[in-house]
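Here's a quick briefing to read with the structure open in your viewer.

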Amino acid sequence: MKPYLRSIKAKWTLQDYPDNTTYEAGYLISKNAGWRSIRPVIDTKKCSGCLQCYLHCPDGVISKRDGAVAIDYDFCKGCGICKRICKLKAIEMEAESK
Amino acid sequence: MNVNANTLNEDEFFYGHKACAGCGGSLAVRIALKVLGKRAVAVLPAGCMSAVGFNFPQLCFANNAIISTFAGTASMLTGIEAGLRAKGITDFVAVGFAGDGGTADIGIQALSGAIDRDDNILYICYDNEAYMNTGVQKSSLTPFGAKTTTTPAGGNVRGNLRPKKNMFEIVAAHGIKYAATASIGYLPDYMKKVQHASEIKGTKYIHVIAPCPTGWGIAPDESVEIAKEAVDCGLWILAEYENGIFSVNTKPKNLSALRTHIKKQGRFKHLTDEDIDHIESLRDSKWENGGQ
Ligand SMILES: Cc1ncc(C[n+]2csc(CCOP(=O)(O)OP(=O)(O)O)c2C)c(N)n1
Ligand code: SF4
Ligand code: SF4
Ligand code: SF4
Ligand SMILES: [Mg+2]
């Protein structure tokens, strides 16, 4: 269970808006990738799967994968907390190419 | 049950939000919801976490979540708990996430009332020590010396003149069922407290220190470490109050690190050595009182 991206409607009509103050939970229409100037890159050979980066990511974009971890770059903001928390130095921050 | 990174459910309930990179408050909300699970019904008053979580149609909570008035976190929790109970629903946790301003200033009356009634709610204050969403104004939880837009640092006055209000003790003085302090620099401890609180019937209050890179003048990758240092140098005390008894969970590891901890933060950059001595004396008198 996780909020996820929906297809973005080109145009909203009146019928698309809720007629009260509630709406579907976890409804995403935009990514956060563009906020990033640096990106974390995981060296899965060095990673022990200790999950400390997964635990501390404020955006929750690190997930468990095959004994290591993987990053959802659509929503990673490049804060660098994961790199700093990793005792095994398995994460490097690399410049985001234009 | 012992909660840790391995046992945590892989669900993410706070995802795609627009908090600044490295935001401590968003980590506090994310982790609490992972511990509580999908039956958490969250209330968020005006403040950064509602502002970054609900930008229609970008709605970043996967569980049921609602914005309350700035002052009304606790009263809305009361209503939600009573309403669901009236409908015969029992397997939920009504949880609030309010900022320091929303808790210690404008929301304190509703919170006090809820504790007095012992309503079955969990109230979490994510404390970033100022009104961040409106551009860093002082709250009663802003610490001595911090520069905010309403307590500027100038030639005559060097930031906030008042000490930080002790919300944990104020809440405990109500005779609340359970209260605790926590830090995003000690997540296992925080998770344990959230889990424990969720198993208690009655009012629960957790006060988690959650640095804000934007308002504190620190780098985005420093928020977790700064929150850990605050505990290690004795400025922020990890403690619990239950059945009328206070307990301190950790002893400071490195009292002498206070000076470098303060100097790292842009909001304290203007402080003189004497000002930092004063911060140190405030800390020391706290510990002389047994951490209370
Ligand atoms: C009654 C009322 N007064 C003022 C505001 C404007 N306001 C919105 S968020 C906010 C600051 C919230 O500060 P805090 O509770 O510390 O949360 P943070 O933004 O720091 O996360 C203020 C003053 C409001 N929404 N409602
Ligand atoms: S903190 Fe480092 S070693 Fe641990 S899971 Fe993350 S990348 Fe792997
Ligand atoms: S850089 Fe920040 S947002 Fe991106 S994965 Fe690491 S901790 Fe998460
Ligand atoms: S201003 Fe501070 S508290 Fe608000 S979203 Fe940004 S980092 Fe988080
Ligand atoms: Mg605040």
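Leaving out neighbours within four places in sequence, B:Met49 is in contact with B:Phe14, B:Cys23, B:Gly25, B:Ser26, B:Val29, B:Leu44, B:Phe61 and B:Tyr126. Keep in mind that this is a predicted model.

**Around B:Met49**
- B:Met49 belongs to helix H2 of chain B, which covers residues 48–53.
- With a relative accessibility of 1%, B:Met49 counts as buried, because the cut-off for that label is under 20%.

**Helices H3 and H5 of chain B**
- Helix H3 (residues 73–86) and helix H5 (residues 108–117) of chain B pack with their axes 6 Å apart, at an angle of about 40 degrees.
- That makes H3(B) and H5(B) oblique to each other.
- On the H3(B) side, the meeting residues are B:Ala74, B:Ser75 and B:Thr78, and on the H5(B) side they are B:Ala110, B:Leu111, B:Ala114 and B:Arg117.
- H3 of chain B also holds B:Gly79, which is partly exposed at a relative accessible area of 44%.

**B:Asp189 in helix H7**
- B:Asp189 is placed in helix H7 of chain B (residues 187–198).
- This aspartate is buried, its relative accessible area being 14%.
- Not counting residues up to four places away in sequence, B:Asp189 touches B:Thr181, B:Ala182, B:Leu238 and B:Asn249.

**Salt bridges**
- Over all chains, the count comes to 27 salt bridges.
- In chain A, A:Lys77 and A:Asp59 form one, with the closest N and O atoms 2.6 Å apart.
- That pair links distant parts of the chain, 18 residues apart: A:Lys77 is in the loop between strand S5 (68–71) and helix H2 (81–85), and A:Asp59 is in the loop between helix H1 (52–56) and strand S4 (62–65).
- Both partners are buried: A:Lys77 has 5% relative accessibility, and A:Asp59 has a relative accessible area of 3%.
- In chain B, the side chains of B:Arg259 and B:Asp277 meet in a salt bridge at 2.6 Å, N to O.
- Here too the pair links distant parts of the chain, 18 residues apart, with B:Arg259 in helix H10 (residues 258–263) and B:Asp277 in helix H11 (residues 273–288).
- B:Arg259 is partly exposed, with a relative accessible area of 25%, and B:Asp277 is partly exposed at 37% relative accessibility.
- B:Arg283 and B:Asp284 also pair up through their side chains, in a salt bridge of 2.9 Å, N to O.
- In that pair, B:Arg283 counts as buried at 6% relative accessibility, whereas B:Asp284 counts as partly exposed at 30%.
- There's a salt-bridge network as well, linking B:Asp127, B:Glu129, B:Lys164 and B:Arg267.

- B:Glu129 is found in the loop between strand S6 (122–127) and helix H6 (167–172) of chain B, and is buried with a relative accessible area of 8%.
- A:Leu51 likewise has a positive phi, near 70 degrees, without being a glycine.
- A:Leu51 is in the loop between strand S3 (38–42) and H1 of chain A, and counts as buried at 5% relative accessibility.
- The peptide bond from B:Phe56 to B:Pro57 is cis, with omega near 0 degrees.

**A nonpolar patch with residues from both chains**
- A:Leu14, A:Tyr17 and B:Phe56 make a nonpolar surface patch of about 340 Å².
- B:Phe56 lies in the loop between strand S2 (54–55) and strand S3 (58–59) of chain B, and B:Pro57 is in the loop between S2 and S3 too.
- B:Phe56 is partly exposed, with a relative accessible area of 37%; it can therefore count towards a patch, since that takes over 30%.

Note on methods:
Residues are numbered from 1 along each chain as its sequence is written. Chains are lettered from A and ligands numbered from 1 in the order in which they are written. This is a predicted model: local features need pLDDT of at least 70, side-chain atom pairs count only at pLDDT 80 or more; totals for chains, interfaces and linings use all residues. Side-chain values use heavy atoms; hydrogens and water are left out. Patches are made of residues with over 30% relative accessible area and no salt bridge: like charges are joined within 9 Å, nonpolar side chains (Val, Leu, Ile, Met, Phe, Trp, Tyr) within 5 Å. Accessible areas come from the Shrake-Rupley method with a 1.4 Å probe; for residues, only the protein chains shown count as cover. A salt bridge is a side-chain nitrogen of Lys or Arg within 4 Å of a carboxyl oxygen of Asp or Glu. Helices (H or I, at least four residues) and strands (E, at least two) are DSSP runs, numbered from the N terminus. Buried means under 20% relative accessible area, exposed over 50%, partly exposed in between (1.4 Å probe, protein chains only). Axes are lines fitted to C-alpha atoms, for helices over the stretch in contact, and angles run from 0 to 180 degrees between N-to-C directions. Angles under 35 degrees count as roughly parallel, over 145 as roughly antiparallel, 65 to 115 as roughly perpendicular and the rest as oblique. Contact means heavy atoms within 4.5 Å.
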